[in-house]
Amino acid sequence: MTILQMPVRQLGLMVNSFARASTCGTRLFELLDAELDIKDAPGARDLVVTEGVLRFDNVGFRYAGAGDRPTLSGISFEARSGETIGIVGPPGSGKSTIAHLIPRFYDVTSGSITIDGQDISKVTLQSLRKAVGVVQQDAFLFTTSIENNIAYGNPWARETRIGQAAEFAQLHNYIIGLPAGYTTVVGERGASLSGGQRQRLTIARSLMLRPSVLVFDDSTAAIDAGTEQRIRAAMKRFAKDRVTLIISHRLSSLMHADQILFVENGRIVERGTHEQLLALGGRYRALYDLQLRPEDDRPTALGAA
Ligand code: ATP
């Protein structure tokens, strides 16, 4: 049986287990091990998305075997459909872990996560993962055509939708310039595509699933700033009907978010819009000064602005 002949349900499991969980080797297997513990609760019902409100309520989390120190503590925020949340913070502060809790790659240790008031630990995994798309930095690609790679969450997808998703992800023009266009086979783990093109392909794949919550986990790191800006502009229309979470080290990727959370040591230490956080003059401001503030606008050694 080839991947394209698999029943949707089985394919869905592969999406969940491999493509979405894929980072590089060790991390992938860690995620798969963790996933074995994640099951439907007895009597679980399908998630019904109506308003599209995502809510973290005092969420705490600790990785199994990672000692006493919690990875996340007291994480609370709410996002409504159409809103973009940016998550920023130092390496290892817990940003990706926040993202991994939404599709239940792991279960929260305390507190709760709800979508439209339904606790995600009490709904069926299949319905949850249809509603939550995660685009990761080094996503898994199958050795098959570009169009199959974009569409495999939905093997009966129409060509127009595949092309539209590729256009949103700023990949369409590149694909139609290839001799075999959308039927070009990409190599093992997408070896024939550049890092940025692979990322854009996985962005297109996530768009095909039309999730209610879409998470970009540092997924534009290998994309140059100009292309990223074009993706962001194209995505504006797409973002209207869903919650978008952007996790990035690059402030330019998330400074336009409706709400920005600055995470440090597993806690949200600052929150607000870009302007509010700049005015606060704290951790976010320091990162902005480091990354984006024009050279001639920085304080000199004598303290002049
Ligand atoms: P980065 O910016 O480097 O991607 P991050 O802010 O996304 O980091 P996480 O990947 O969420 O941080 O990791 C938070 C903490 O949890 C880190 O100390 C990390 O080492 C630890 N961690 C991550 N994954 C696991 C795991 N599977 N098992 C145990 N500890 C883990």
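**The ligand shell and the chain around it**

Twelve residues surround the ligand, and the closest are Tyr63, Pro91, Lys95, Ser96 and Thr97; a residue is near a molecule if its C-beta atom, placed from the backbone, lies within 6 Å of it. This is a predicted model, in which local features need pLDDT of at least 70 and side-chain atom pairs count only at pLDDT 80 or more, while totals for chains, interfaces and linings use all residues. Residues are numbered from 1 along each chain as its sequence is written.

With three residues, helix H3 (residues 95-101) gives the most to this shell. Helices (H or I, at least four residues) and strands (E, at least two) are DSSP runs, numbered from the N terminus. The shell divides into three nonpolar, seven polar and two charged residues. Here Ala, Val, Leu, Ile, Met, Phe, Trp, Tyr, Cys and Pro count as nonpolar, Asp, Glu, Lys and Arg as charged, and the others, Gly among them, as polar.

The chain has twelve helices and ten strands. Of its 305 residues, 38% are buried: a residue is buried if 20 or more other C-beta atoms lie within 10 Å of its own, exposed if 12 or fewer, and partly exposed in between, with C-beta atoms placed from the backbone.

Two backbone angles deserve attention. Most residues other than glycine have a negative phi. Asn58, in strand S1 (residues 54-61), has a positive phi near 55°. Asn58 counts as exposed because it has 12 C-beta neighbours inside 10 Å. Arg210 also has a positive phi, near 45°, and lies in the loop between helix H8 (195-208) and strand S7 (213-217). With 17 other C-beta atoms within 10 Å, Arg210 is partly exposed.
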